[in-house]
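This report describes the protein whose sequence and structure are shown below. It begins with aromatic contacts and then turns to the strands and the overall dimensions.

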Amino acid sequence: KAKFPDRIISLQTDSPSAVAELAPACDVLEFAGGGSYGANPLLRIRSALDLARKASGEKPIVFWLGGALPEKGARRSADEANAAIRYCILRGVSGTVFHMGHGGVPENRTRLWSFLRGAERAVNAWYPAWTSGAAVDVAVACEEGVEVGVRKTSAGWIMLAVNLDPHRRSFTFADPSTGARRTIRLTGFGSVVVANDPQ
């Protein structure tokens, strides 16, 4: 970076202990931590992203998750992968990479492959509204493990919610359009995107 200050430098690490040292030396921090290659990455993804954000400040973060890891994708479900992507977006992460090496994912894991094939297209259906919206407080009351964000858009509002707990959890909020109280229940490691477009 000192030699080529105009170039965008990205550094990737799997080591939480290296994050604080590497973050100042790059423009983009790529991080796989908090068990992101393990069986239940959502249990520790909050603390992993806290660590990365504290070290990188306002710099972009790209978060790595195991696709083939662990056990050649046998422990990674499409719903869990979807919730991880949505949580990264909720937390302001710039991108998510699925590590598909170290043995790959067998072809018979069709649901996971189908999800990964269409993941970017599915996110792009609502991501522009999310990024262009302004955060709004809707008095959300969440059970433990649930995180929710709501943004007002030019067409209405959009809500993003993720359950980082393996058990079913719910949250209640005031509908920004009507003020009515609504409750949404999420499966374990589940997530939801709710968009309201009055037009």
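## Aromatic contacts

In this predicted model, the structure holds 3 aromatic pairs; rings of Phe, Tyr and Trp (its six-membered ring) pair if their centres lie within 6.5 Å, and planes under 30 degrees apart count as stacked, over 60 as edge-to-face and the rest as tilted. The ring centres of Trp157 and Phe173 are 6.1 Å apart and their planes stand at 70°, so this pair is edge-to-face. The pair links distant parts of the chain, with Trp157 in strand β8 and Phe173 in strand β9 (residues 169–174), 16 residues apart. Helices (H or I, at least four residues) and strands (E, at least two) are DSSP runs, numbered from the N terminus.

Trp157 and Phe173 are both buried, where buried means under 20% relative accessible area, exposed over 50% and partly exposed in between (1.4 Å probe, protein chains only). One aromatic cluster is formed by Trp157, Phe171 and Phe173. Elsewhere, the charged end of Arg7 sits over the ring of Phe4, 4.1 Å from its centre; the criterion is that NZ of Lys or CZ of Arg is within 6 Å of the ring centre and within 35 degrees of the ring normal.

## Basis of the model

Residues are numbered from 1 along each chain as its sequence is written, and side-chain values use heavy atoms, with hydrogens and water left out. As the model is predicted, local features need pLDDT of at least 70 and side-chain atom pairs count only at pLDDT 80 or more, whereas totals for chains, interfaces and linings use all residues.

Contact means heavy atoms within 4.5 Å; axes are lines fitted to C-alpha atoms, for helices over the stretch in contact, and angles run from 0 to 180 degrees between N-to-C directions.

Strand β5 is joined to the antiparallel strand β7 (residues 146–152) by 2 bridges, and the bridge partner of Ala135 in β7 is Arg151. Val193 lies in strand β11 and is partly exposed, with a relative accessible area of 22%. Not counting residues up to four places away in sequence, Val193 touches Arg86, Trp126, Ile158, Met159 and Leu160.

## Pairing around β9

Strand β6 (residues 141–142) pairs with β9 in the antiparallel sense over 2 bridges, and Ala141 stands opposite Thr172 in β9. Strand β9 is also joined by 6 bridges to β10 (residues 181–186), again antiparallel, with Phe171 opposite Ile184 in β10. The hairpin of β9 and β10 has 6 residues between the strands, and Gly179 takes a positive phi near 80° there.

## Overall dimensions

The protein has 5 helices and 11 strands. Its radius of gyration is 18 Å, close to the 16 Å that the globule rule gives for 199 residues, so the protein is as compact as a globular protein of that length. The radius is taken over C-alpha atoms, and the rule is 2.2 Å times the number of residues to the power 0.38. The C-alpha trace spans about 55 × 45 × 30 Å along its principal axes.

Of the 199 residues, 44% count as buried. Among contacts between residues at least 6 apart in sequence, 59% join residues at least 24 apart.

Methods:
Two strands pair if DSSP finds at least two bridges between them.
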